[in-house]
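Work through these exercises with the structure open beside you. Try each task before you read its solution.

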Amino acid sequence: MSMIAAFYSGKSILITGATGFMGKVLMEKLFRTSPDLKVIYILVRPKAGQTTQQRVFQILNSKLFEKVKEVCPNVHEKIRAIYADLNQNDFAISKEDMQELLSCTNIVFHCAATVRFDDHLRHAVQLNVTATQQLLLMASQMPKLEAFIHISTAFSNCNLKHIDEVIYPCPVEPKKIIDSMEWLDDAIIDEITPKLIGDRPNTYTYTKALGEMVVQQESGNLNIAIIRPSIVGATWQEPFPGWVDNLNGPSGLIIAAGKGFLRAIRATPMAVADLIPVDTVVNLTLAVGWYTAVHRPKSTLIYHCTSGNLNPCNWGKMGFQVLATFEKIPFERAFRRPYADFTTNTITTQYWNAVSHRAPAIIYDFYLRLTGRKPRMTKVMNRLLRTVSMLEYFVNRSWEWSTYNTEMLMSELSPEDQRVFNFDVRQLNWLEYIENYVLGVKKYLLKEDMAGIPEAKQHLKRLRNIHYLFNTALFLIAWRLLIARSQMARNVWFFIVSFCYKFLSYFRASSTLKV
Ligand SMILES: CCCCCCCCCCCCCCCCCCCCCCCCCCCCCC(=O)SCCNC(=O)CCNC(=O)[C@H](O)C(C)(C)COP(=O)(O)OP(=O)(O)OC[C@H]1O[C@@H](n2cnc3c(N)ncnc32)[C@H](O)[C@@H]1OP(=O)(O)O
Ligand SMILES: NC(=O)C1=CN([C@@H]2O[C@H](COP(=O)(O)OP(=O)(O)OC[C@H]3O[C@@H](n4cnc5c(N)ncnc54)[C@H](OP(=O)(O)O)[C@@H]3O)[C@@H](O)[C@H]2O)C=CC1
């Protein structure tokens, strides 16, 4: 019997960010492996016209939860959605709900965050720093609390090259930042943001680093651990391979490449692609929850959940495998044939952006206008290129994360726990994983049917023919213009034509002789 699974039985667990990518997989695994847990409280806000209950209903009725319903048929009764907005005081939780949370919670998993790179500093601080502080305050009032697990990111210290499992302080104290956000106006915040984030690339990584400092400073007597995942990708094994439900990280780029919008990227092929499957992160998180509660380490332990130092893969290999998978499993209605290149040169990037991205978008929009439709491709392309430019920082550098605590924890697990809560990335076969990832993007994000693959392949053939025709026409036009202007070009042209004519005449004469 798994000790970790047994540990969660009968427990009341509080999860923030349960409606997010990682939160859903965390809930799924908990219900599937510990169906006897008492209750999972989730802090949810209404969104996109859905009430909190409707959101939970939708999650539980999704494909991700199909296996859970077999193992834990009363899952609806074990999940308690609590109306909450982490941007508000006391999270806008009602008094009764707050009382219940404070008196019953045994374990907290804090996953909620804004993961947008371009979020305004005020908002990123509110969610990634202030809300963490408030949650810790709540946790300190929970008499039954056994462990508080905070999800950070391996990139919180991406300004460093080698990162240990320790908290690195930021120059300005988080408390000062929180206070200043109360009274500074947006214009001043905009002005000081570059100075505050320093050599980090965005407000996300900066505020996640501040969040860690808050955890350290406010930990008091709590049993706390911090998990730092790198780039979280689709599921590797559980509950089934390839599950993904948002565009973050590589998923959006896989779509953009598969649909033929993105054909070149400024990326270093040899740089380490530190991707980590979401189920691996969740398995480590649950193991850390158990270890922190049962072994009560004296200090806050940080666990790196990364792949680079144990089973490295680089962006070149990853890009190549993504492209190879498109050959077998193409996406439907592609704009152009998927083709791609990595370049590390800024001028080449600008050239590719103009020739391979913007020009086809402009031509397509011209075609849309001619056929009486609204042009849209240039706008889509501009947004895509903006997104790509924000991700470039992460595909042109390599980091080294030490993983002593993570490896120590692995050695502490029983063989059964190592199997059920597997977070050993050395067992990951990248080629297989990437193929399943692309397939998952097609099925779960794009919602495309496998039956459409032959038609998608036909469509790609048509695109190839259009591409050849277009290039030939372009060549002939360019050549014609050149001939009109240059005597030398004319001479070359007549030489080629007469050579071809002689060759054909010889060929015809020799075949006549044979007859
Ligand atoms: C020698 C080798 C030869 C091989 C040749 C192969 C070459 C291949 C070259 C190109 C093909 C590539 C193939 C793919 C290969 C894999 C390569 C993958 C590279 C992946 C890089 C990932 C780096 C991630 C780093 C993460 C580090 C930190 C990790 C964390 O801790 S947090 C989680 C990460 N967070 C995020 O990812 C959030 C990022 N997103 C944002 O911040 C915002 O969305 C935004 C980018 C600022 C855009 O904001 P907007 O205001 O414009 O609005 P919105 O968010 O609504 O989105 C706008 C439109 O953009 C779409 N979109 C959103 N995200 C992505 C995305 N990641 N990729 C693509 N598109 C995205 C969104 O859908 C909107 O679209 P619209 O509705 O049509 O307008
Ligand atoms: N994805 C990745 O590549 C990585 C993620 N991480 C970390 O993992 C954690 C989970 O990330 P991930 O699941 O990918 O992120 P998502 O963006 O998918 O989920 C974020 C979650 O936070 C919730 N949330 C945001 N704002 C509020 C609010 N004001 N009130 C209540 N809830 C709110 C969201 O709720 P709602 O659905 O209502 O918006 C959602 O449930 C984060 O801490 C992130 O920093 C770390 C490394 C990499």
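This is a predicted model: local features need pLDDT of at least 70, side-chain atom pairs count only at pLDDT 80 or more; totals for chains, interfaces and linings use all residues.

**Exercise 1. Find which residues come closest to ligand 1, and describe the shell by class.**

Step 1. Start with the count: 31 residues surround ligand 1. Arg116, Phe117, Tyr204, Leu247 and Gly249 are the closest.

Step 2. Sort the shell by class. It holds 19 nonpolar, 7 polar and 5 charged residues.

Step 3. H15 gives the largest share, 7 residues.

**Exercise 2. Locate polar contacts of ligand 1, using a cut-off of 3.5 Å between N or O atoms.**

Step 1. Look at the side chain of tyrosine 204. One of its polar atoms lies 2.7 Å from an oxygen atom of ligand 1.

Step 2. Turn to the backbone. A polar backbone atom of valine 115 is 3.3 Å from a nitrogen atom of the ligand. For leucine 253, a polar backbone atom is 3.5 Å from a nitrogen atom of ligand 1.

Step 3. Check the cover. Ligand 1 taken alone exposes 1600 Å², and the protein buries 81% of that.

**Exercise 3. Repeat the analysis for ligand 2: which residues come nearest?**

Step 1. There are 26 residues around ligand 2. Thr19, Arg45, Lys47, Arg55 and Tyr204 come nearest.

Step 2. By class, the shell has 13 nonpolar, 8 polar and 5 charged residues. Helix H2 (21-33) and helix H10 (203-217) each supply at least two residues.

Step 3. Now the atom pairs. A polar side-chain atom of aspartate 85 is 2.9 Å from a nitrogen atom of ligand 2. An N or O atom in the side chain of tyrosine 204 is 2.7 Å from an oxygen atom of ligand 2. A polar backbone atom of valine 232 is 3.1 Å from an oxygen atom of this ligand.

Step 4. Taken alone, ligand 2 exposes 890 Å². The protein buries 91% of that.

**Exercise 4. Describe the second largest pocket: what volume does it have, and which residues are closest to its centre?**

Step 1. The volume is about 890 Å³.

Step 2. Of the 28 lining residues, Phe335, Arg336, Pro360, Ile466 and His467 are closest to the centre.

Step 3. H13, helix H14 (346-370) and helix H19 (453-485) each supply at least two lining residues.

Step 4. Sorted by class, the lining has 18 nonpolar, 4 polar and 6 charged residues.

Technical notes. Residues are numbered from 1 along each chain as its sequence is written. Chains are lettered from A and ligands numbered from 1 in the order in which they are written. Side-chain values use heavy atoms; hydrogens and water are left out. A residue is near a molecule or strand if one of its heavy atoms lies within 4 Å of it. A polar contact is a pair of N or O atoms within 3.5 Å; within protein, one must be able to donate a hydrogen and the other to accept it, and residues adjacent in sequence count only if both atoms are side-chain atoms. Accessible areas come from the Shrake-Rupley method with a 1.4 Å probe; for residues, only the protein chains shown count as cover. Helices (H or I, at least four residues) and strands (E, at least two) are DSSP runs, numbered from the N terminus. Ala, Val, Leu, Ile, Met, Phe, Trp, Tyr, Cys and Pro count as nonpolar, Asp, Glu, Lys and Arg as charged, and the others, Gly among them, as polar. On a 1 Å grid over the protein atoms alone, a cavity is a set of points where a 1.4 Å probe fits but cannot get out, and a pocket is an open set with protein on both sides within 12 Å along at least five of seven lines; lining residues have an atom within 4 Å of a point. Grid points are joined across faces, edges and corners, and a volume is the space filled by probe spheres set on the points.
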